[in-house]
Amino acid sequence: MRDLAAGPRILLRRLRELTAEPLEPQDRLDRIVMQIARNMVAEVCSVYVLRADGVLELYATEGLNKESVHLAQLKMGEGLVGTIAASAQPLNLSDAQSHPAFAYLPETGEELFHSFLGVPILRAGRSLGVLVVQNRAQRHYSDDEVEALETVSMVLAEMVASGDLKKLTKPGQELDLTRPITVDGESYADGIGLGYVVLHDPRVVVTNLLNDDVDLEISRLSEALGSLRIQLDDMLSRREVSMEGEHRAVLEAYRMFAHDRGWVRKLEEAIRNGLTAEAAVERVQSETRARMMRLTDPYLRERMHDFDDLANRLLRQLAGFGAHAAADAFPNDAIVIARAMGAAELLDYPRANLRGLVLEEGAVTSHVVIVARAMGIPVVGNAEGVAALTEKGDAIVIDGEDGKVHLRPAQDVQRAYEEKARFRARRQEQFRALRSVEPVTRDGQRISLNMNAGLLVDLPQLTEAGAEGIGLFRTELQFMIASTMPKGEEQEAFYRSVIKQAAGRPVTFRTLDIGSDKVVPYFQAIKEENPALGWRAIRLALDRPGLIRTQLRALLKAAAGADLRVMIPMVTEVEELRLARALLQKEVQHLSKFGHPLPKRLQYGAMLEVPSLLWQLDELMMEADFVSVGSNDLFQFTMAVDRGNARVAERFDILGRPFLRLLRDIVRAGKRNNTPVTLCGEMAGKPLSAMALLGLGFRSVSMSPASIGPVKAMLLGLDATALATMMDEALDSTAPGVPMREMLKRFAETNNIPL
């Protein structure tokens, strides 16, 4: 390896010149393999490229029979070349023909050659092909030669990814990088989304592979690593974990990787072999990812995600990129792909262009999903590894009904989903036709259907969806999208606009619920082991009374002459409700003293989402003007499941007997005390679970605007009295029986109730 004695710089520089020359793809590939063979003193150099059908096709060779180009083929896992592609590991053999995986291809004339070195052509851990050198003499290639060939393969990976080789594919065939892929996930928010990929954590595309100054690149790497370590230490010490949607244990793993000498040594070795710092990170990341992708241990595969995230952070440090995708580069039909995301981050994207969201993690009740559902955006979650399988700008279809993600869909799939989207649009038209129909069950029970909201852009949907009012207005969203704390005047103007656009329909404002995963950028978060169970909502407000008093004053002034409904979240003891009411009364007195007009009618309520209130139900009902069940948190806390943890979030059924009995007790307590009880969680948004709520006695529910039509269609055909009788018998029974979900489905089917 004469020219590579001081590293692969000379060869890489020549390859860079070849990729820049105005050559036809085949001519460029032919010259590349000739150059590699010459520099590595190899008698053979060949490039195999992986097709979409799983076949590795010989695309160029120096030393083998030229007529075998585009004819010689091996399946993935077949022969030495197929083994390398399948394992994403190099093979270094002094006598290739004695290896058990050797497959003889007579058309190539390779029987003359004994020594064999093959390396995978990798991009983001995916095998795109194989690069091979061979010699007649039996020899074992040195570690430097293996390193050099792996480095050279990066150039070929960029050629494949750029689409430069598409011209060489036979009619009807595609390269693997462009093949259609379907990823199975879970349905988190209903709907069909067609568009183009936007990566929430954009992949840095390394275009400058070769360095001109080794010391400079190592210095750049050291500086970027230092910044990354400081950033991680700072995030851990200041507890800004929830802002990123990551758990503390993950950041601890990141910090461990960031200080790992083995990883740093590999990066420095790649730089000394001629790569820039960015190219070194990309290469080591790709090789590590390729190895770990083939592991079956779920814990080790999870560590792969941690390593991937860390390497991407380091790449962005080196490239000087921001943390997330720029909104100004948004396509018209954008579908965002993210490992995880906070609710505020979703709101940063332009709503008019957003067609869907795909998450690798999270759960159906996580806040970003709730916000997406409120925005009418389909969401597919738990789509493992989807970000690594796609490139920015790839065509994509997501099915929020079946939980499937179709990357680079075939034309027939695209057409089928376009038709499905048109069918859904026609169905929505049918639901819109029900807007003026009174929501009365078949047995004469009137149901109040309200919508959840949190932004001014939600308000036009009040009329469009046919909602009676807003059962839950999340006031924290205004705080989450602001760069600084909204002043009292700004809050007042915002609330006044909401009330005005509601045009006399009732609006229930939930006071500020920040903390847990809803962190505002200008509010110093504190370190907590379990933030969902910590300093949040009314707990935070009572400790910082100036915060809630400013909000209450703004609400009272905005609702002058109108009705005002204020609801307190995360109430644990009734005494908290009394303390918050005292603050409200102080603001009423203050405004009265200075002659400010007050609301015509003021109603004060509580969210029931903490199980401790179940042993204070009568006391709660007497203290509050109304009670609204927050089924998301109530279910989470009752069942001790983290709703952001996909492993356990779906473990227990929200339509199981224990939770339905609990909800029935709440309804009965409301009737005993003549206190209105409603429910504003995601449970109300599905026709089947909404039907169960009506059977339990709920007569007012709140949901996302898109859910109102299907829920109304369901209740119009429902005999709520008959359902209540059936459910009471099932819930009173202690004997094992048919699961409630199945029983409810059978009832709907028997009575022709549309679900």
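Predicted model: local features only at pLDDT ≥ 70, side-chain atom pairs only at ≥ 80, totals over all residues.
I started at T61, whose side chain makes a polar contact with the side chain of S46 at 2.9 Å. Residues are numbered from 1 along each chain as its sequence is written, and side-chain values use heavy atoms, with hydrogens and water left out.

**Around T61**

I looked up where T61 lies: strand β2, residues 55-62. (Strands here are DSSP runs of E, at least two residues; helices are runs of H or I, at least four; both are numbered from the N terminus.) Is T61 buried or exposed? With 0% relative accessibility, T61 counts as buried. (Buried means under 20% relative accessible area, exposed over 50%, partly exposed in between, with a 1.4 Å probe and protein chains only.) The T61 side chain also reaches the backbone nitrogen of L64 at 3.5 Å. Leaving out residues up to four places away in sequence, T61 touches V33, V44, C45, S46, K66 and V69. (Contact means heavy atoms within 4.5 Å.)

**Strand β1 and its partners**

β1 and β2 pair antiparallel over six bridges. (Two strands pair if DSSP finds at least two bridges between them.) They form a hairpin with four residues between them, and G54 in the turn has a positive phi of about 80 degrees. Six bridges also join β1 to strand β6 (residues 126-135), again antiparallel; there V49 has G129 as its bridge partner.

How many residues of β1 (44-50) are buried? Seven of its seven are. V44, S46, Y48 and L50 point one way, while C45, V47 and V49 point the other way.

**The eight-stranded sheet**

I then traced an open sheet of eight strands, in the order β7-β14-β13-β9-β10-β11-β12-β8, with mixed pairing. β7 (181-184) and β8 (186-189) stand at the edges with a single partner each, so one side of each has no neighbour in the sheet. The twist averages 30 degrees from one strand to the next. (Axes are lines fitted to C-alpha atoms, for helices over the stretch in contact, and angles run from 0 to 180 degrees between N-to-C directions.) β9 (192-199) and β10 (334-338) pair in the parallel sense over four bridges, and L199 stands opposite I337.

**Aromatic rings**

Last stop: I found five aromatic pairs. (Rings of Phe, Tyr and Trp, its six-membered ring, pair if their centres lie within 6.5 Å; planes under 30 degrees apart count as stacked, over 60 as edge-to-face and the rest as tilted.) Y495 and F509 are edge-to-face, 5.6 Å centre to centre with 65 degrees between the planes. Y495 is in helix α16 (488-502) and F509 in strand β17 (507-510), so the pair ties together parts 14 residues apart in sequence. Both are buried. Ring pairs link F473, F494, Y495 and F509 into a cluster.

Methods: Polar contact = N/O pair within 3.5 Å; in protein donor to acceptor, adjacent residues only side chain to side chain.
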